[in-house]
Amino acid sequence: DIIPRIIRPAAWKIISDGACQRVRALNAFLKDVYNDQEIVKAGIMPAAQFTGNPAYRAEMKGVQLPGDVYVHIAGVDIVKTDEGQFYVLEDNLRTPSGVSYVLENRKMMMRLFPDLFSRMPVAPVDHFADDLLENLRAVAPPQASQPTVVVMTPGAHNSAYFEHAFLAQQMGVELVEGQDMFVANDIVYLRTTEGPQRVDVIYRRIDDDFLDPLAFRPDSALGVPGLFSAYRAGNVNLANAIGTGVADDKSTYLYVPKMIEFYLNEKPIIENVPTYKLSDPEDLAYTLAHLAELVVKEVHGSGGYGMLVGPTSTKAQIAEFRKLIENNPKNYIAQPTLALSTCPTFIDSDIVPRHVDLRPYVLAGREVTLVPGGLTRVALNEGSLVVNSSQGGGTKDTWVLEDQSC
């Protein structure tokens, strides 16, 4: 959409500080659950919360990662209500997508409206690829003096292949598939015309299951045999780490404010959306009695699928979803329908309000940082609260105004 979303410095500080705080806590949580599990010993979270999660990788227990960084690139979805209150909607910690749109949207807007950028103090985003590469090199194995970084893609048929190729090109690194690499003596090598080249960091855009047929799914033709062994040995690093999905599950989301207090000894800067855990009998009873007013989500769902938006659903849809919940309550959470803020949007030659959210991208390496901007997703259909591109959503350029007071 050609009308940008504008965020003032004070609001951006809340978003930036809150998103970075959250990623620091989630990294601490991931280190803990794959090592000492202090959060269980403290009685804050039951072990079954993560050990029973299909995204939990017992193979990662005791694996030591450079800088204790598990999540190198995170997409934190943040919404704002009509009252001006920010909330975190969800955390994307596995292979968060969409950052290429942030960069492409900015290029397009600068081409269309160069005069606006000369008159307004819009913070730049074009250094994101440089920051990403620097962060990836910072978490290379200690023995790598000049780390080689690659972007690993499932291939051209993947829906996000454009982004994989775009980011590799922007960072100036190789875009590779599993068949382009091999492992020898627990070291990963890239096949090149000049012979094997050692690989130190893999920014992988492939799900855990398909990374290594020797360690995970034996039928995977996308991975590299022996990759996990090299990873465990500390001879290559993966971004994001294997097993991060256990921290972005929607049932784990409930515990993130407690994680912030437990690991960081801080209060959350941005709160969660109030959430009902349907494995709890009281929460389940309330939700079933108020389905027409709530948003219900599958704990493992994504992309706007596996969810019910009560106020915009038919009686038949609500009745059908009620059966799904009753059959497996622990598979769902519920949240109130927030009055999300809107942004002027160009629709059919008119400028009209449409609901938006924001996905800033947090980078973790030597430090946890955030590029001033992010992916503003917009629900293009009137009244819709679902902004996912797979559900008809669009995007906007996000203009973070720089503080001109100093």
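**Backbone, cavity and pocket**

Asn185 is exposed, because its relative accessible area is 75%, and the cut-off for exposed is over 50%. This is a predicted model. Asn185 sits in the loop that runs from strand E6 (181-184) to strand E7 (187-190). Its phi is positive, about 55°, although Asn185 is not a glycine.

Gln37 is another non-glycine residue with positive phi, here near 55°. Gln37 belongs to the loop between helix H1 (9-33) and helix H2 (38-41). With a relative accessible area of 18%, Gln37 is buried, since buried means under 20%.

A further backbone feature is the cis peptide bond between Ala239 and Asn240, with omega at about -10°. Asn240 is placed in the loop between strand E10 (237-239) and helix H9 (245-248).

The largest cavity has a volume of about 50 Å³. Its lining consists of Val99, Val102, Leu103, Val125, Phe128, Tyr361, Val371, Gly373 and Gly374. H4 supplies the largest share of that lining, three residues. By class, seven of the lining residues are nonpolar and two are polar, with no charged residue.

Gly98 is in the loop between strand E3 (86-92) and helix H4 (99-112). Gly98 counts as buried because its relative accessibility is 5%. Between the C-alpha atoms of Gly98 and Pro344 the distance is 21 Å, with 246 residues separating the two in sequence.

The open space includes the second largest pocket, which holds about 340 Å³. This pocket is lined by 19 residues; Ala48, Gln49, Gly52, Ser251 and Lys330 are those nearest its centre. Helix H3 (48-51) and strand E15 (332-336) are the elements that give two or more residues to this lining. The lining of the second largest pocket divides into eight nonpolar, eight polar and three charged residues, whereas the lining of the largest cavity has no charged residues.

Ile2 is in the segment before strand E1 (5-7). Ile2 counts as partly exposed because its relative accessibility is 41%, a value that falls between the cut-offs of 20% and 50%.

Methods: Residues are numbered from 1 along each chain as its sequence is written. This is a predicted model: local features need pLDDT of at least 70, side-chain atom pairs count only at pLDDT 80 or more; totals for chains, interfaces and linings use all residues. Side-chain values use heavy atoms; hydrogens and water are left out. On a 1 Å grid over the protein atoms alone, a cavity is a set of points where a 1.4 Å probe fits but cannot get out, and a pocket is an open set with protein on both sides within 12 Å along at least five of seven lines; lining residues have an atom within 4 Å of a point. Grid points are joined across faces, edges and corners, and a volume is the space filled by probe spheres set on the points. Helices (H or I, at least four residues) and strands (E, at least two) are DSSP runs, numbered from the N terminus. Ala, Val, Leu, Ile, Met, Phe, Trp, Tyr, Cys and Pro count as nonpolar, Asp, Glu, Lys and Arg as charged, and the others, Gly among them, as polar. Buried means under 20% relative accessible area, exposed over 50%, partly exposed in between (1.4 Å probe, protein chains only).
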